[in-house]
Amino acid sequence: MVLQGLIFLGLVLVVLGPVHWYLWRRLVKDTTRPGRVRKIGTVIFVALVVSLIAAFIVPRVAGARAGFAVSLVGYLWLAVMFYLLVIMLALEIPRLIALRLARPTPAHALAPTQDTNSSPHPPADDPHPAQTAPTDSDGAGSAENALARGDAGSAQSAPAEGGAGSAENALARGDAGSAQGAPAGGDAGSAENALARGDAGSAQSAPAGGDAGSAENALAGGDAGSAQGALAGGGGARSVEGAPVGGGAVAEVSRRLLITRSLAIFAGLTATGIVAGGVRTALGDPVLKRVQIPLAKLPRNLDGYRIALVSDIHLGPLTGIDHTRRIVRSINGMQADLIAVVGDLVDGSVAELGAEAQPLADLLSRDGAYFVTGNHEYYSGAQEWIDEVARLGMRPLLNERIGIRGFDLAGVNDVTGRGFPEAGGGPDFAATLGDRDTSIPVVLLAHQPVQATEAAKFQVDLQLSGHTHGGQMVPFNYVARLQQPVISGLGEVDGTKVYVTNGAGFWGPPVRVGAPPDITLVELKAG
């Protein structure tokens, strides 16, 4: 039992660890800047993880009643976490598209294309063109002299390490194209002087190695687009996300936060709304269903025979005696001929939950109430609950069969019982059905629908089951299909009809979405 618990806890951590990391990243890290708010969000996430783990452990160690608060918080978070995960995964593609659209246009896409024909070639008769000017710091005068002669093209080959005067003098004579080749190693004065004369295009080639002052001066000239080029190589202040502060970078960070926060709020509100509705459904009165099932061998005098079917009541830390009373009241209102309780009655010991089970003694029917074990009985002390059920007036069917007014009623133990031989062991179909008269119809009570595969080998006419909870929370109904042949309602397995109830309670989160609790009145029809 301890080993099983440790294995289960290990699986929980393996699955829930990555899920919580993903949700923390999307809901906390992506929506906050480093600082106090992010730290608070992280602490809350860690606390929720601890509460979830505690919800599995505390009731088993300290008892169902002692674990009420921890179970309530932990299991509710489990439900919210699941729907947050589903919603955030569904929003991943829209999120990526929105973030891509929020990126600012690159600076080089905004810069006008330089027309190479706009700058005339150096005159052929000029014996001293500027291209042969020295490359040291004294070479700045070359561009000045070239421009003094009116040769704009010569200035494009101005010294690579020259001072700011190169572009300054070039612009002094009004030639915007000349400044596009402004010194790559120059200071902020290049863009400053370029924009002083109102030529926005010139500043787009402002110093790639300049400081933040370049962008400031560029913007002073009235051209916001020019500053984007000025900041391309800037080394100024940086935002909290590592993007340069300036130009469109601040706006980009703001847009990213707006998008991520909007998606987080949408996911949070949607998940919380779904869970709130599920809580109301789970804690409300069970839906009363009625189904007619024809049996070929049923005698005519039993046509219309009514069986009240209930399963998965799950008395436990989050239920109460009112939960049991609602179920008893609903069953008695059906005025059934027979009551079948097909397992998972409890999640705790008789000492803890005996008082909550007491209203079951008030069940009323003409031919009595019958009980078979579910998997949770074996986790809660199967033998003591078998004895308690008998005390409450229900008859346990432990791999046995009885005759009821012209048909056989049989019951087998749950498959989990194989690990608990002291409580009767697992199902024994041969002992239960092997010597029966096959001309008489038989109704089998078995907790899990999957047991119908074995029941069909003994020509069982109808099996009544629970266990699946109908999936309890969509889309778990699709996951349950991987294990069980029928999830909810009427089906057939190898010629044996199988009816599965959603159950009247819940396990884990007190939440039901898309699978309301139910009690079914099964009406047998002759023919």
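**Entry 1: pairing, before anything else**

I start with a term: two strands pair if DSSP finds at least two bridges between them. With that settled, I looked up strand E3 (residues 338-342) and strand E4 (residues 369-372), which pair in the parallel sense over four bridges. Ile 339 has Ala 369 in E4 as its bridge partner. I note here that I am working with a predicted model.

**Entry 2: the chain as a whole**

I counted up the secondary structure and got 20 helices and 12 strands. Of the 527 residues in the protein chain, 50% are buried. I also checked how far contacts reach along the sequence: of those between residues at least 6 apart, 72% join residues at least 24 apart. The exposed surface comes to about 24,000 Å², and carbon and sulfur atoms supply 58% of that.

**Entry 3: the sheet that holds E3 and E4**

Back to E3 and E4, to see what they belong to. I found an open sheet of six strands, in the order E1-E12-E2-E3-E4-E5, with mixed pairing. Strand E1 (287-295) and strand E5 (394-396) are its edges, each pairing on one side only. Ignoring direction, neighbouring strands of this sheet are turned by 25° against each other on average.

**Entry 4: helix H17**

What lies across E4 and E5? I found helix H17 (residues 382-391) there, running at about 145° to E5. I listed the buried residues of H17 as Ala 382, Trp 385, Ile 386, Glu 388 and Val 389. These cover an arc of only 165° around the axis, which puts them on the same side of H17. The cover over them includes helix H15 (350-357), E4, helix H16 (375-379) and E5. Just after H17, I noticed that Gly 393 takes a positive phi of about 105°.

**Entry 5: Asp 344**

Next I went to the loop between E3 and H15, where Asp 344 sits. Is Asp 344 buried or exposed? The cut-off for buried is under 20% relative accessible area. Asp 344 has 2% relative accessibility, so I count it as buried. I then listed its contacts, leaving aside neighbours within four places in sequence: Asp 312, Ile 313, His 314, Gly 374, Asn 375, His 376, Glu 377, His 447 and His 467. For His 314 I also checked the C-alpha to C-alpha distance to Asp 344, which is 5.8 Å, with the two residues 30 apart in sequence.

**Entry 6**

I found another open sheet, ordered E6-E7-E8-E9-E11-E10, with mixed pairing. Its edge strands are strand E6 (400-404) and strand E10 (489-493), each of which pairs on one side only. The twist averages 25° from one strand to the next. At one end, five bridges join E6 to strand E7 (residues 407-411), and the two run antiparallel. Within that pair, Ile 402 has Leu 409 in E7 as its bridge partner.

**Entry 6: strand E9 and its partners**

I stayed with strand E9 (residues 462-465) for a while. Strand E8 (residues 442-445) runs parallel to E9, with three bridges joining them. E9 also pairs in the parallel sense with strand E11 (residues 496-500), over four bridges. Gln 463 turns up in both pairings: it is the bridge partner of Leu 444, and it stands opposite Val 498 in E11.

**Entry 7: nonpolar cores**

I looked up the largest nonpolar core, which has 38 residues. Those with the most contacts inside it are Leu 23, Leu 27, Leu 52, Trp 77, Met 81, Tyr 83 and Leu 84. Helix H1 (2-27), helix H2 (36-62), helix H3 (68-90) and helix H13 (249-283) each supply at least two residues. H3 gives the most, with 12 residues. I picked out Met 81 and, leaving aside its neighbours within four places in sequence, found contacts with Leu 16, Val 19, His 20, Leu 23 and Leu 52. Another core lies apart from this one; it has 28 residues, among them Val 310, Leu 360, Val 389 and Ala 504.

**Entry 8: helix H4**

Last, I checked helix H4 (residues 92-101), whose buried residues are Glu 92, Arg 95 and Leu 99. They cover an arc of only 60° around the axis, which puts them on the same side of H4. On the face turned away from that side I found the exposed residues Ile 93, Arg 100 and Leu 101.

Technical notes:
Residues are numbered from 1 along each chain as its sequence is written. This is a predicted model: local features need pLDDT of at least 70, side-chain atom pairs count only at pLDDT 80 or more; totals for chains, interfaces and linings use all residues. Side-chain values use heavy atoms; hydrogens and water are left out. Buried means under 20% relative accessible area, exposed over 50%, partly exposed in between (1.4 Å probe, protein chains only). Contact means heavy atoms within 4.5 Å. Accessible areas come from the Shrake-Rupley method with a 1.4 Å probe; for residues, only the protein chains shown count as cover. Axes are lines fitted to C-alpha atoms, for helices over the stretch in contact, and angles run from 0 to 180 degrees between N-to-C directions. The arc is that of the directions from the helix axis to the C-beta atoms. A nonpolar core is a set of buried Ala, Val, Leu, Ile, Met, Phe, Trp, Tyr and Cys residues joined through side-chain atoms within 4.5 Å.
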